[in-house]
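Hi,

Here is the model I said I would pass on. Have a look, and my notes follow below.

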Amino acid sequence: MFYPEFTLSADLNKEYEGRNDLKLLGRVDLLVVDSNGIPHVVDYKTSPKQYENYNSAKTLNFTYQLATYERMLRRWGFNTTDSDIMVAPLQMTNFRKENG
């Protein structure tokens, strides 16, 4: 099954005693659940640069983002041991910032 722009949410109140207002939301560009029930995450990154030319701070941010998605999927009861959780870099030509 393919789920484009799938929203994940997690209640964080158990981790922070005395709080009842903490919720984390994330939007997965593409969630694919295979025939074995294993979730796979694809996160598209568009840029005029090649992915290999991104600076380390940016790629570390992507790593953190994908790890957060994986943790949220585990909270939902998915087994992520065999999941593919990846960035899909899309190098755009004629990419202009004002186009979003």
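Which residues make the nonpolar surface patch of about 250 Å²? Tyr44, Leu90 and Met92 do. (Patch residues have over 30% relative accessible area and no salt bridge, with like charges joined within 9 Å and nonpolar side chains, Val, Leu, Ile, Met, Phe, Trp or Tyr, within 5 Å; a salt bridge is a Lys or Arg side-chain nitrogen within 4 Å of an Asp or Glu carboxyl oxygen; areas are Shrake-Rupley with a 1.4 Å probe, and for residues only the protein chains shown count as cover.) Leu90 sits in strand S4.

Before the rest: this is a predicted model, with local features needing pLDDT of at least 70 and side-chain atom pairs pLDDT 80 or more, while totals for chains, interfaces and linings use all residues. Numbering runs from 1 along each chain as its sequence is written, and side-chain values use heavy atoms, without hydrogens and water.

Now the sheet. Its 4 strands form an open, mixed sheet in the order S1-S2-S3-S4 (strands are DSSP E runs of at least two residues, numbered from the N terminus; pairing takes at least two DSSP bridges). S1 (2–11) and S4 (85–91) are the edges, each with a single partner, so one side of each has no neighbour in the sheet.

S2 (residues 23–33) and S3 (residues 39–47) are antiparallel over 4 bridges, with Leu30 partnering Val42 and Val32 partnering His40.

Cheers
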